[in-house]
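Biologist: I'm new to reading models like this one, so let's go through it bit by bit. Could you put it on the screen?

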Amino acid sequence: MALLTKSKYLAGLQCPKLLWFLINDKEKVPEPLREAQYRMDVGTEVGVLATKLFPGGISIPTNDFKGNLNITKENLSKNVPLFEAGIMANNCFSRIDILKPNSDGSFDIIEVKSGTRVKDENIHDVSFQRYCCEMVGLEIARCSLCFINNQYVREGELNINELFTIQDITAEVVQAQQDIQERIDEFFNIIKSPNLPSVSIGGHCSSPYSCNLMDECWGFLPKNNVFTLYNGGKKSTELFSKEIHSIADIPDGFKLTNNQEIQRKCEQTGEVHIQPFEIKQFLDTLIYPLYHLDFETFSPAIPKYDNSRPYQKIPFQFSLHIEQEDGSTEHISFLAEGKEDPRPAFLVKLKEVLGTQGSVVVYNQVFEKWVLNTLARDFPEYKGWVNQILLRIVDLLIPFRSFNYYHPSQQGSASLKRVLPALTEESYEGMEIADGGDASLRYEEITFCDVTEEERAKVRGNLEKYCELDTWAEVIIIRNLKEIVGNSNI
Ligand code: SF4
């Protein structure tokens, strides 16, 4: 009979269909993407670090399933914390990050997470562990979650007592455990059934985890489906429940926002929506020379540098196209080298090239402003300069977020990746690195992992190409917007 592991129990809570696939048709479940794998690796690293909070503990090897169970049994009476203890009962198997004995013979469960707060799924996760422990006769006194304190500021050696927060979640776990036996029985029935459970798609496909079976279950939807409705939220779900799948099929009486109406109209007519007057108003705010700017950052869970916090966005790269009013451009870039904190060199170079006047054009100012403000906080000698730059920022997202221009191929998105091919001949297709998440993962890999010089050089080249396209995209988007306004004779 198949085992119900902790991860499968959590999968069952998210979606019975996912649980069924994981046991009965595993080949259909794609391997986790690079980003998901990275998050798992971070979780492992954080888990190992947290064991240092419990000196004298024993790490139970996990490479051999039966060995892990046996070694756990042998060590339960040793009165020391056990790391990765394996507990199996009634075909339910759970591995416990930290199982800490108390003087009265009871144990505490401490689950380590790389997140920065307690989430519902963590409670269910621990309730399953507690269930397994109790089924083999262990008394569990307390359950806690050990997670990252994102207010911790590193200075010198890592202070793990400050890096981690431990929160008692016993009451929540006991509550979540109330109907656990019924749930487990139901999950075993699903596992045993030869038939795939019938489950509709919906919000549960991306929460609490992004399901790897999206292609399998969502593939029947048309390209411009109701889930691509701009800021669709509950409206998308409502439309889908009424069996309206395509945006073009949304009936006239259905209440939509102005932008959603534009999207629907474009879908129905196949035409582009253009508001030349509003686009001109935006273009009139630009002051030449234009400094088209884009940052790339990475966010280590465990802070690597002094004066930085867990998950803080650390800028390691920028691309800058300086464009004069006559259309001539110059490209300047920065990509950090080595393991040192990239921020000082980043700031020196950025200050050197950003000039003193002219608009600083970014795409989605929230990100660049956040990075600049954080740099000013951590390097106060740059505060005055940063404040001047902030005043010069113009956000090229504005005309697209306002639907002053909308092309059906944008599929309800105003992101640069969608706007660029909609408005120009260029796109990110075929690029080795094609989004910010990938850029940050690849930078971390070539900076902190063991890779060949050849690989490092190749990835650095791809990072340069990717970031350069982000700012070149801004240049050509503005050129196209100008042409649109010019052709409209306003
Ligand atoms: S994509 Fe959605 S419906 Fe399909 S298995 Fe995953 S969670 Fe379930």
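Biologist: At what angle do helix α14 and helix α15 pack?

Modeller: First, this is a predicted model, so to speak of local features we need pLDDT of at least 70, side-chain atom pairs count only at pLDDT 80 or more, and totals for chains, interfaces and linings use all residues. Residues are numbered from 1 along each chain as its sequence is written. Helices (H or I, at least four residues) and strands (E, at least two) are DSSP runs numbered from the N terminus, and axes are lines fitted to C-alpha atoms, for helices over the stretch in contact, with angles from 0 to 180 degrees between N-to-C directions. For α14 (residues 365-378) and α15 (residues 383-392), the axes are 9 Å apart and the angle is about 165°.

Biologist: Is α14 roughly parallel or roughly antiparallel to α15?

Modeller: Angles under 35 degrees count as roughly parallel, over 145 as roughly antiparallel, 65 to 115 as roughly perpendicular and the rest as oblique. The angle here is about 165°. That makes α14, relative to α15, roughly antiparallel.

Biologist: And which hand does the crossing of α14 and α15 have?

Modeller: A crossing is left-handed if the near helix is turned anticlockwise from the far one by less than a right angle, and right-handed if clockwise. By that rule, the way α14 passes α15 is left-handed.

Biologist: How many nonpolar residues are in the contact of α14 with α15?

Modeller: Two residues are in contact if their C-beta atoms, placed from the backbone, lie within 7 Å. Ala, Val, Leu, Ile, Met, Phe, Trp, Tyr, Cys and Pro count as nonpolar, Asp, Glu, Lys and Arg as charged, and the others, Gly among them, as polar. K369, L372, L375 and A376 in α14 meet K383, V386, I389 and L390 in α15. Of these contact residues, two are charged, no residues are polar, and the nonpolar ones number six.

Biologist: Which residues of α8 does α2 meet?

Modeller: The axes of α2 and α8 come within 9 Å and cross at roughly 55°, and the two helices are therefore oblique to each other. Their crossing is right-handed. From α2, the residues are P16, L19, W20 and I23, and they meet F187, I190 and I191.

Biologist: Now the ligand: which helices each supply at least two residues of the shell around it?

Modeller: A residue is near a molecule or strand if its C-beta atom, placed from the backbone, lies within 6 Å of it. The ligand is surrounded by Q14, C15, K17, L18, V199, I201, H204, C205, C211, L213, M214 and C217. That shell divides into nine nonpolar, two polar and one charged. The helices that each give at least two of its residues are α2 (16-24) and α9 (214-218).

Biologist: Which loop holds P289?

Modeller: The peptide bond from Y288 to P289 is cis too, with omega near 0°. P289 is found in the loop between α12 (276-283) and β9 (290-298).

Biologist: What phi does N307 have?

Modeller: N307 lies in the loop between β9 and β10 (314-323). Although N307 is not a glycine, it has a positive phi of about 60°.

Biologist: Finally, how many Å separate the centres of domain 1 and domain 2?

Modeller: Domain bounds come from an automatic or database domain assignment. It gives domain 1 (31-176), domain 2 (220-271) and domain 3 (278-487). Taken over C-alpha atoms, the centres of domain 1 and domain 2 are separated by 44 Å.
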